[in-house]
Amino acid sequence: MSFFTPENLEKAQVLVGLYPDKRSALIPLCHLAQGQHGHLSKEAMEEIGDLLGIQPAEVMGTASFYDMLHTEEVGKYVVGVCTNVACLLGGGLELLDHASDTLGVPPGGTTEDGMFTLEEVECVAHCDKAPCAQVNYRYFGPLSNGDFDKLVDDLANDRLSDSVPPHGVLSRVFRDAPPMVPLEIIHQERREMDEAKKARLAAQNPDAGGKQ
Amino acid sequence: MSTDVSQNLITISIDGRQIQAKSGELLIEAAEKAGVFIPRFCFHNRLPQVGMCRMCLVEVKGPRGFSLQPSCYLPVNEGMEVVTESEKVKKAQDGVLEFLLINHPLDCPTCDKGGECPLQDQTLAYGPGESRFIEEKRHWEKPIAISELVYLDRERCIQCDRCTRFADVVAGDALIEFFGRGDHTEVNVFPERPFSSYFSGNTVQICPVGALTATPYRFKARPWDLSQVESSCTTCSMGCRMMVQSSQNEVMRYLGLDSDAVNHGWLCDKGRFGFEAINSPERLTAPLIRKGGEFVETTWASALSLIGSKVSEVRGAGGAGRIGFILGSRLTNEDIYAWVKLAKGVIGTDSVDFQLGDGLRGEVIASLPRATLNEAVSAKAVLAFTGDIKEEIPVLFLRLRDAVRSGKTKMVTIGTRASSLDKLSEVSASVTVDQLQLLAKGLLHEGSKFAEIAAVLSKQGVGSDGEGLVVLLGRENLAWDQSVVEAFAVELSRALPKAKFLVTLRASNFSGSTDLGGSPGLLPGRTRLEDASPALRQKWVVLPSQVGRGVKEMFKGALQGELDLLFVIGSDPRQDFIDTELAGAALDRVGFVVSVDTFLSATSERADLVLPAAAFAEKSGTTTNLEGRVFTLNQKVTPPGVCRSDWTIASEIALELGEDLGFGSPAEILDEIAEVSLIHWGLSFDRLTRTATVDGMVVPISATALAIRPRALLDQVSTPGIASVWNQGLASSKTAYVEGEESEEAREVTGTPQSLSTKVLGAPIWPLASVQPTGNLALEYSRKLYSQGEHLKNSPHLSRLIVEAKCRVSPRTAKELGVETGGFVRISDKAGGGAVFEVETDDSVRNGAVEIVRGSFFISGFSPVRADETVNYVKVERA
C-alpha cells in the first residue's frame, strides 16, 4: 500500500525528477506528505525513503531537524504563540499562559479532539502586531486574551477555513517547473559568464592581468 | 582522509619548529606525524572530516594574524605557521570540553568506556577541572538496544558524527542518524528499523565516548584488566588484522587494527563478536572414543596409539590410498603443513582436500595469476563472478565500495541473482551456464550479448589481453557445480592472459591450503607431486605414488567401500558438504572416522574418535588471506582441558608411526615451509613479527616487501581500546607504535623465486554436458553472513542472528505456484527428499528460479544440491 495518493505520487515523482541528485527532493517530498496527512507519519517517511533511494532514518534525520515538519501527529490547527522580545514586552508570555488555559494543553500539546496543537515560537517577524500568534503559519495580532478566544472559536467553527487551511497545506510546495536543465548546459553557461566577466574586468583594468 | 594529497613535500612551522609535510595533507595528520598530538573527537583517519567537535582548534597565521582554526579541516600549505600550545588554544580546548561535558552524565564508573575513553583522557589533559553548569542535564532513556549487538546511550553522546558517518559513508547502511536539532539532537534508529548492519560493531570501536557499547562486552572488563596480542581474524578469507584482548584467560573482545593493505581498521560483526565461541562451555576438552555407541573420555596416549595402529593396519591391508584427510578453515599454515606432511610425507596418501564442494579445486586456484587486494581495488576494471561479497567476505565489500565510490576502479558483475555488488557495478548481467562459456571466450569482443560489459572494460582501458582487469572469482551460485566456474576461469585466463584473479572464496585460509599442498595432486609451494623440490624430498620420508582424491571422490569411494580411515580436521562435512546426503551416507560407510574439532559438530558427533583442538587465540602460527598475504596469529589464552594445537596432534601421530615430523614449534614449521616451498621463501616468524608492518607479507615475497617500512602511527583516539590497553603501566605516550628501525639484514635478501607452477592445469571441460532439468525451478543456492555453523551456534549473541529458513521466488513465479509471501511450498530434491519452506516474494529473484540460503536449514534426507549435477533444479510445489 502506497502512502501517497495516486495524485500525490505523481507529483512526488515530478519533484524527484527536478534534481540531478534525487535526494535533493527530500524536503519538498516531506511537505507534500505533510500536506496530505497533516504530519509526517512513519509510513510517509518510509515511502519517501524508497522514492529517493535512502534510508527512512535519513528522512527522519532531516524531517526532525526542521520545526515546520512534524514527525508526531499534530492538530488540524497548529497555533504558535510568539514569546520573543517584542511580543514578550507586549505580553506574549501571558498570552501563551492564557492560550494554554483556553485550549487545556501545555505548549507542545494537542487537544483531545485533535483540533489544536499549541506551540511556543521564536520571532515570526510580526513584531508590529505584538503580541502575535500564528495558526498554520498565518499571522494574527495583536491579540488580547479575548481576541485569542474568539480566534479559537472561529477556527473551531470553521469560520476561517478559507484563509487558514488545515495544517500541512502549503501553497508553494509544488510548482510547475519546466523539465530539468541538463547540467552540461548549466556548466557551459557558467563558464561563458565567467569568461565574460573576466574579459570585462580585463578591459576595465588592463594592468591587473585578468585578476579580480 | 584528505582527498588530494600529493607527494610534494612542503615545509610548515608548528610551534616554531620546521617540519616536512605532504602538500594537501590535513594539518592534524601532518602534526601527528611530526610528534605533535592535537586533541580530537570527531576526526578519524578513515572517515571524511566534518569539523564537528571543535576540539582540534589551533592557531594558524593568516593575513590578519593568528586565528583559531580546526586542524582536522585544514590542508597544509607551504609556509603555514601553526601554534598548538598557546594560551588561546588552551582556552579554546578548555571551553570546548566544558561545552561537551555540559550534558555528559559523567557516569564513568558504570561505563564500559571508562579507562579507555578519549573524553575522559582529553578532559584530564586539556579540560577544566570543574563544571560551572548547575542546571539539570538533559535526559534520555538509557541504554536502548539499537540492534542485537549494540546498545546506545544518548546521554553520553557528544555528537561527533563518527558512528553516523561510518554507517553512511563506509558501510552504506545509514540506519543510524542524527534526529532533532540543537540541544535536542540525538543519534537514533528509525522506529522498528534496528541497526542491523553487518558492520555495526565498528561504531562501538570508534565511538570516542561510551554512547555506543557492544552487548557482548557489556560490563565484562576494564582496559587495565586486559592484555592484548595482534592477530588476524580467521572467520573468512579476508584475514582482517585485529587485537585480541583477554582478561583472566578469557577472550573479552576483538578490536580492528588499521592495516592499510587489508581492513583499514574495520571488522565485520561476525568476526568481531565470534570470540564468544572460544569461551563456550560446549567446547571439547578431552579426547572422546566411541565405546558401545556412546562417547567416553579417553587419554591422549590411548587415542594416539589407537590412531597409530589404525593407520598401520589400513596401510598394511589396502594401502595408504584408503586413508583420507579433510582439512578445515580453522587451521593455521603451520597446522596445514603438519597435517599435509603427515598425510603425504609420512603416511603416503595424496587424498587431502580442504574444500567441501563449495570452493574451487586447489590446482585451479594455484594456476590462476593472483591479484592482491590493492591491485583489485585500483584495477582499471573489476569483473565480479562471485558469491555475494557482502555476505561472504564483508570487509572486502567495504574495500570495494570505497574503491568504486572514490573512482579508483569500475566494476561489472555477472551472475544469476541480485547481489550487494550490483549497486557498485556499472553493469550487472544475468548469465546462464551456456552464456558463461561464450562470455569466457569472447568477453572483450564486439557484438556479444555482453556488449555493455565489454564497453565498460574498453572505456576503462582494459587491454585486449586483459591487462588491467582483475576478476573476482568465487562461487556465485552453489547450485552450479564448481567445474562450471573452474572451466570459466581457465578459459577466461587463456583468453585474457594478462588478467589477474582474486579468488574470493569464503573459507578462511583456503589460500594457505592451496599454497601448502592441502589439495590432491599438490605439494607445498603450489607444485605438483612430480615436481617436488630437492629440499622437500630431503625433508619428507615418502611422497604419494599417485594423485589422490578430492572430498567428493573420497565420499564416492567411501560408498564403494574404498575408504577405511578418514581424518576430518576442523570441518563438518555432514552439515557443510554441498551434498549433505552424499556426505552423510559416505561417512556412515567409512571404517573409522577421526574428527579433530573444537565442538561436537554433526560430523564429530558420529565419529569414532574425537580429538579436542585448540581454537583461534589459543595457538600461534600464521594464516594466509585470499590474496596470499601471510600474517601472524598469536596465542592469547590457554586452551580448555587438554586441547592441543593441530600441528602437535599431527606430530604425535607421526611419532606413533615411528617418524619424526622434525619440528617443535610453529616457528620451526614456518622455517621448514620456507625451506621446502619456493613461494614461501624468505618467510620467518622473526620477519613477520619484528620487521614486517602490521600488513603482513604477500607470498611470494618480493625483495621490496622485505625492506622495512615503518609501523603505522596509531592514533589513540581512532580506536581507543587498543591504545589504552597498550599504555597501561607505561609512561603516557602519544602514539602506541613507534617507527621501526631499518635492518641491514632484511635489505640483503634479494631476488625472487623462479620456477613457480603457474601453468594452467588441466584443460577446460567445455562443452559441458547438456543440462536436463530435474525439477520445475532452477535452484539458486546462496550463502548469508549468518548462515549457521558450529562457531555461530556457540556464540550466544550471534546465534540470535542466524538466518531463517525461507525460500525466495519472484512474484510471477509465486503466482504460478499459487502462493504468496507467508505461504508455504514443499521443495524436493532429485532423490525425492524434501522439506517445507516459507515463501517470500522478491523482485530480485529471476522468474523460474527459487533461492534458498545454505546454512539456514539442516534437514535429514534433504539435500537440494547433488554432487553429480552440473546445474541443480528442484521440484517446488505448494504445500
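Helix 1 of chain A and helix 2 of chain A run roughly antiparallel to each other, a term for angles over 145 degrees. This is a predicted model, in which local features need pLDDT of at least 70 and side-chain atom pairs count only at pLDDT 80 or more, while totals for chains, interfaces and linings use all residues. Residues are numbered from 1 along each chain as its sequence is written, and chains are lettered from A in the order in which they are written.

**Helix pair in chain A**

- The axes of helix 1 (residues 6-17) of chain A and helix 2 (residues 26-37) of chain A cross at roughly 170° and come within 10 Å; helices are DSSP runs of H or I with at least four residues.
- The crossing of helix 1 of chain A with helix 2 of chain A is right-handed, the near helix being turned clockwise from the far one by less than a right angle.
- Helix 1 of chain A contributes Asn8(A), Lys11(A), Ala12(A) and Leu15(A) to the contact, and helix 2 of chain A contributes Pro28(A), Leu29(A), Leu32(A) and Gln36(A); contact requires C-beta atoms, placed from the backbone, within 7 Å.
- The residues of this contact comprise 5 nonpolar, 2 polar and 1 charged.

**Contact between chains A and B**

- Chain A supplies 10 residues to the contact and chain B supplies 12 residues.
- Helix 4 (residues 56-63) of chain A provides the largest share of the chain A side, 5 residues.
- The chain A side divides into 5 nonpolar, 3 polar and 2 charged residues.

**Domains of chain A**

- The domain assignment gives domain 1 (6-63), domain 2 (77-156) and domain 3 (181-212).
- The centres of domain 1 of chain A and domain 2 of chain A, taken over C-alpha atoms, are separated by 30 Å.

Notes. Two residues are in contact if their C-beta atoms, placed from the backbone, lie within 7 Å. Helices (H or I, at least four residues) and strands (E, at least two) are DSSP runs, numbered from the N terminus. Ala, Val, Leu, Ile, Met, Phe, Trp, Tyr, Cys and Pro count as nonpolar, Asp, Glu, Lys and Arg as charged, and the others, Gly among them, as polar. Axes are lines fitted to C-alpha atoms, for helices over the stretch in contact, and angles run from 0 to 180 degrees between N-to-C directions. Angles under 35 degrees count as roughly parallel, over 145 as roughly antiparallel, 65 to 115 as roughly perpendicular and the rest as oblique. Domain bounds come from an automatic or database domain assignment.
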